[in-house]
Amino acid sequence: MHLELPRLSASRAAFLASLAISALSACGGDPKPPPIPDPPVVTLTITEANAAPKVKIRLLVSGCDPVAQTEIYDREVFLKTVPYTSGSMDFELAANELKYTSGLAATLALHAKVTCSDGRSNVSQPQAATFLPVTKVVKDPDPNGQVVTDFFVAEGNGTGVNFIGCGNPTTGVGTLFRVDANGALQQSVAMGVPCNASTVYTDLHPTTNKRWVWTPGARAVAVHQNFTISGTSKPTIFLSSLSMMNNGDALIADDDNIVYRLPHDSGIGAPKWTFASQWPLVAPPLQKGSDVLVAFMKQPEVTTSKVLQIVVARLDANGTGDLVPVSERAILNYNGDFGSPPLASFSPDGTVLYLAFPLGNNQSSIQACRVDVTGCEGSGLKWNSPALPVPLQFVLPYAGGSRVAAIGLQRVWFLNADTGAIVNKDGKSVDASGTLQVVQVQLGRATSPEFYLLNGSGPGELPLEIVAVDSGEKGELFRYEVSSSLSCSVDNDNRLWMRTGNSLVQTLPLADYRKVRP
């Protein structure tokens, strides 16, 4: 008798099949899928930025062999791909490869994105830097050496630029140094003038080939281009101002309101003439043709109020001995006191005296008074400036006399010298950053409208920030701050040179910066 085997139910068959699969697995069947590899580790380091021709970066990638693509970003902005292969590799970002979306100098946050050949990718941590593109950087071979003195002037042009600055070596004697564009010392001469943040260097006179170097509250010396000293003020004269005459002599004023004409070849101290003012001087004396203009405060002989006068006296520039004025003209009557003299500066041609007076609520205003008309009104008043919302520290004509800079503690306005109108872009002042103050300014050559603010923590302190203005109408061009200190000068081609820390930097022509900041 034949018996048919019973059929398995569907549920029982499925159960047996699962047992079979488990048995196969236990006996070396299909393996589990491999774990997903970790993403690559990407490290980006900025090895050189700040003020430099290029941004230098270093990349290191591990866990990715081979690398299919490496991209560099500034925040979310793609910059370029670089040909990374393996190990630690160095790359450069050229100035024209950056987008300057954060302005000049560029505040960067760079990172790299790496993609492996198998599709895995990762990004590095962002690295911050400030980058100001420049033409070149000169460093001292000694890691602790400084290429130029803290403050300096540039002379010459092209590849023949030298740098002259005053320093106090271990001897403690103020010494003038000249170095070339590679930082090599060319000449030095002991001057006997203390060197500090206030030391001033005049331009080289085109005929005498001499410049005056002087420190307020101390002395002045005339130094030939060959580094010989030919004129020195007496050590008993404590200078408050100095301006160069047409023939290279110096007009100096001291703290006792005495004006001297000091020849550039007089040896020590024999002035050609002296003018002793019994009234406080308000502006540096200025030569105009055969005259020397001297401005001072004076109280009228008969007065029943606090009325004072601003008087401009004319002296014989070619006189000798103790001078008396050839003429005096009261160009302004105003209410004030001798303890608060107005800020004042002559125009370069000597036709106008700019006077800054305080207004209420910490405001200020500038009057432009003609020096050849009595009373600063009618034809004698050239203009009154708009009210400026800060007390002023200085009034400075520049750009060949076509502009007047009104300088506050932190804010600067530029005025049209013909009308007194504010020419700043959008009428807004150019300001120092944060709590920094304007401690110095640097002008462009001759009629150039370029103007540089040097900002520091306070008077007498080394600057920490430079703000460049190529013209008042265009506004701020670039702003660059360092953690150490900086200073600057312009050469005969009007190219800007900066000391940043211990290095010397030649910037790009300002027109190149303007291309990326319209």
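## Salt bridges in a predicted model

Glu 465, Glu 476, Arg 479 and Arg 517 are linked in a network of salt bridges. A salt bridge here is a side-chain nitrogen of Lys or Arg within 4 Å of a carboxyl oxygen of Asp or Glu, and by this rule the count comes to 20. The model is predicted: local features need pLDDT of at least 70, side-chain atom pairs count only at pLDDT 80 or more, and totals for chains, interfaces and linings use all residues. Residues are numbered from 1 along each chain as its sequence is written, and side-chain values use heavy atoms, with hydrogens and water left out.

| Salt bridge | N to O distance |
|---|---|
| Arg 517 and Glu 476 | 3.7 Å |
| Asp 418 and Lys 382 | 3.8 Å |
| Asp 90 and Arg 58 | 2.6 Å |

Helices (H or I, at least four residues) and strands (E, at least two) are DSSP runs, numbered from the N terminus. Arg 58 is partly exposed, at 36% relative accessible area; buried means under 20%, exposed over 50%, and partly exposed in between (1.4 Å probe, protein chains only).

The side chains of Asp 418 and Lys 382 also meet in a salt bridge. Asp 418 lies in the loop between β34 (411-416) and β35 (430-431), and Lys 382 in strand β31 (residues 381-384), so this pair joins parts 36 residues apart in sequence. Asp 418 is exposed at 57%, while Lys 382 is partly exposed at 27%.

Within the network, Arg 517 pairs with Glu 476. Arg 517 lies in the segment after α2 (510-516) and Glu 476 in strand β39 (residues 476-481), so the parts tied together are 41 residues apart in sequence. Arg 517 is partly exposed, with a relative accessible area of 27%.
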